[in-house]
Amino acid sequence: MIPARRAERVRRRQRLGVVAVHAAAYTVALLGAGPFLWSMITAVKLNRDLYDPAHSPLWFNAPPTADHLVYLWRHTAFPTFAWNTLWIGAAVVAATLLLATPAGYALARLRRPWAGRLGMAIFLCYLVPPSVLFLPLSRLVATVGLQDSDWALVLVYPTLTVPVSVWLMMGFFSAIPPQVEEQALVDGCTRFAAFRRVALPLAVPGLVAVVVLSFVLCASEYLYAIAFVSPTARKVVSTGIPTELIRGDLFYWQSLQGAVVLVAVPVAVVFNLLLKRFVAGFTAGSVTVG
């Protein structure tokens, strides 16, 4: 009788634990989704509904409207900003992969006691505030004649993405057993062939993590984008939307929130499609070389 009661208490505690975990997860999810839900509702609200303090900000007291989204798409340069963000992000991601992948592989395979410390030193470069690098980078941009060109962002953004990506790829390659590549070398592959045919396919989750992280860093960066690019046709979303939709003390709140939704939804969809590999890349990238 006593063991049966104990077993029942254990099962009851387990059920309560599962319920508590699920309740906490749903609460955190709702809190995280709250700002985005507010943006979605605000984007389609009428002015008289939005600016009335008696109306709930999370519900419609008047019929929704798509006029503010139409204004954003037709009467601002939002499509241009989105395209600039996309191609600049793609170019920076490509440059980051070309630089960070071989560097991370080399540091992971160096049989030297200082390899791990060098990788950490490279990662520490990522922690340098952009405001500290602003003056030397502005001099570089002016010297190469890229001021007010979106190519200036392609030039400077790798200073943000490459250090953290090298550290990430270094940890990921360290998690791959070197015996796999040694077997390829025994079979007649060169070092580069072993890297390309064996290490890179195994490093796909880490590469996905680098792609996602680099693109998000580029899309959310503000200081360099506002300092180096001033023509409207060259701006990206992070700077173009505020300058277009905030005019003095006039805020186009619905269009601003509409831009948030239109930018966030595609990124969220792609991120969710790659979520498992992204998490696997970061998990493996947490391993460092001693």
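This is a predicted model: local features need pLDDT of at least 70, side-chain atom pairs count only at pLDDT 80 or more; totals for chains, interfaces and linings use all residues.
Biologist: How much space lies in the largest pocket?
Modeller: About 620 Å³. A pocket here is an open set of points on a 1 Å grid over the protein atoms alone, where a 1.4 Å probe fits, with protein on both sides within 12 Å along at least five of seven lines. The volume is the space filled by probe spheres set on the points, which are joined across faces, edges and corners.

Biologist: Which residues lie nearest its centre?
Modeller: Thr85, Phe215, Ala219, Val263 and Val267, out of 26 lining residues. Lining residues have an atom within 4 Å of a point.

Biologist: Which helix gives the most to that lining?
Modeller: H14, with nine residues. Helices H4 (78–109), H11 (204–220), H13 (237–245) and H14 (253–273) each supply at least two. Helices (H or I, at least four residues) and strands (E, at least two) are DSSP runs, numbered from the N terminus.

Biologist: And the lining by class?
Modeller: There are 24 nonpolar, two polar and no charged residues. Ala, Val, Leu, Ile, Met, Phe, Trp, Tyr, Cys and Pro count as nonpolar, Asp, Glu, Lys and Arg as charged, and the others, Gly among them, as polar.

Biologist: Switching to the largest nonpolar core. Which members touch the most others?
Modeller: Ile88, Leu153, Val156, Tyr157, Tyr224 and Phe228, of 17 residues. H4, H6 (130–143), H7 (151–156) and H12 (223–228) each give two or more residues to this core. H7 gives the most, with four. A nonpolar core is a set of buried Ala, Val, Leu, Ile, Met, Phe, Trp, Tyr and Cys residues joined through side-chain atoms within 4.5 Å. Buried means under 20% relative accessible area, exposed over 50%, partly exposed in between (1.4 Å probe, protein chains only).

Biologist: What does Tyr224 touch?
Modeller: Its contacts include Pro130, Leu133, Phe134, Leu153 and Val229, not counting residues up to four places away in sequence. Contact means heavy atoms within 4.5 Å.

Biologist: Now Thr101. Buried or exposed?
Modeller: Thr101 counts as buried because its relative accessibility is 6%. Thr101 lies in helix H4. Its side chain reaches the backbone oxygen of Leu97 at 2.9 Å. A polar contact is a pair of N or O atoms within 3.5 Å; within protein, one must be able to donate a hydrogen and the other to accept it, and residues adjacent in sequence count only if both atoms are side-chain atoms.

Biologist: And Thr96, where does that lie?
Modeller: Also in helix H4. Thr96 is at 0% relative accessibility, so it counts as buried. Beyond four places in sequence, its contacts include Thr101, Thr161 and Ser214.

Biologist: What is the phi of Asp148?
Modeller: Positive, about 65 degrees, although Asp148 is not a glycine. Most residues other than glycine have a negative phi. Asp148 is found in the loop between H6 and H7.

Biologist: Last one. Where does Arg247 lie?
Modeller: In strand S1 (residues 246–247). A polar atom of the Arg247 side chain lies 2.8 Å from the backbone oxygen of Glu244. At 39% relative accessibility, Arg247 counts as partly exposed.

Note on methods. Residues are numbered from 1 along each chain as its sequence is written. Side-chain values use heavy atoms; hydrogens and water are left out.
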